[in-house]
Amino acid sequence: MIKIDNLNVKLGSSHILKNININININNSIIGLFGPNGAGKTTLLTTLTGFINKYRGTISGLDKRKISYLPDKPFLYGFMTLKLAIEYYSDAFHDFDYDKAIRLFGKLKLSPQQKIAECSKGMIEQIHMILALCRNVNVYIFDEPLASVDPLTRDDIMTMIKEERYPNSVVIISTHLISDVESLFDEVIMIKDGEIVLHESVKSLKHNNNLSLEKIFKEKLK
């Protein structure tokens with residue numbers, strides 16, 4: 001279990017995260033992290049991954065070396081071919097599944113000889129997502145991973161997230177595309193102004209509200 005107790009993060013004079021308390025079971029679940037712009041989603045994720053290491057409070061149950069983190073900005077060099085990007089990940093991470101990466105890129109019809117610089121924004125998001133997904137780890141953290149991917153390919157990648165991640169792992173996905181991907185999630189965390197507004201299972205939320213996740217989000221955070 002990941003335990004976050006009284007987590008507070010300040011960046012300069014701004015108090016970004018305020019007394020965050022969450023328990024997250026690492027048990028075959030996919031969690032949506034929702035919130036308006038500036039709510040603290042990215043700060044929360046980068047604190048969990050260790051990129052922000054100045055905070056008050058405690059985070060336990062996480063081995064930061066075994067988190068597959070996908071930030072909200074591309075990081076591969078344009079001169080790289082897809083094959084070189086796969087080899088880069090394979091060299092960097094001992095838990096990377098090379099054969100799975102080749103297979104999944106084949107499903108998306110992305111050629112190993114394709115250069116990153118020649119790819120569309122949506123294709124670059126697909127490449128980053130598959131590379132992150134092909135690590136065999138217990139925790140995946142994806143920050144706005146599918147914003148530019150077309151709806152048909154997005155469905156394919158959602159299926160891959162469900163079926164291809166490491167068994168019994170937890171996936172935390174920050175997204176604004178709630179209505180497009182809500183079928184992906186088992187749990188939802190909502191954050192506003194640096195504070196947790198809601199953390200609940202999707203099944204319970206829908207049973208109690210009889211609304212879509214996007215409508216619940218708008219009701220809770222308006």
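Predicted model: local features only at pLDDT ≥ 70, side-chain atom pairs only at ≥ 80, totals over all residues.
**Aromatic pairs.** I started with the rings. How many aromatic pairs does a search of the whole structure find? I got eight. One of them joins Y77 and F79, and I noted it as stacked, with 5.6 Å centre to centre and 15 degrees between the planes. I then looked up how accessible these two residues are: Y77 is exposed, and F79 is exposed as well.

Another pair is Y89 with F93. I put this one down as tilted, at 5.1 Å centre to centre and 50 degrees between the planes. Are its two members buried or exposed? Y89 is buried, at a relative accessible area of 4%, while F93 is partly exposed, at 25%.

**Around F93.** I followed the ring pairs onward and found that they tie Y88, Y89, F93 and F96 into a cluster. F93 also has a charge over its ring: the charged end of R135 sits there, 3.9 Å from the ring centre.

**Cysteines.** Next I looked for disulfides and found zero. A disulfide would need the sulfur atoms within 2.5 Å.

I also looked up accessibility for both cysteines. C119 counts as buried at 11% relative accessibility, and C134 counts as buried at 0%.

Definitions and conventions
Residues numbered from 1 in each chain as written. Heavy atoms only, no water. Phe/Tyr/Trp six-rings, centres within 6.5 Å; stacked < 30°, edge-to-face > 60°. Buried < 20%, exposed > 50% of the residue type's maximum accessible area, 1.4 Å probe, protein only. Lys NZ or Arg CZ within 6 Å of the ring centre and 35° of its normal.
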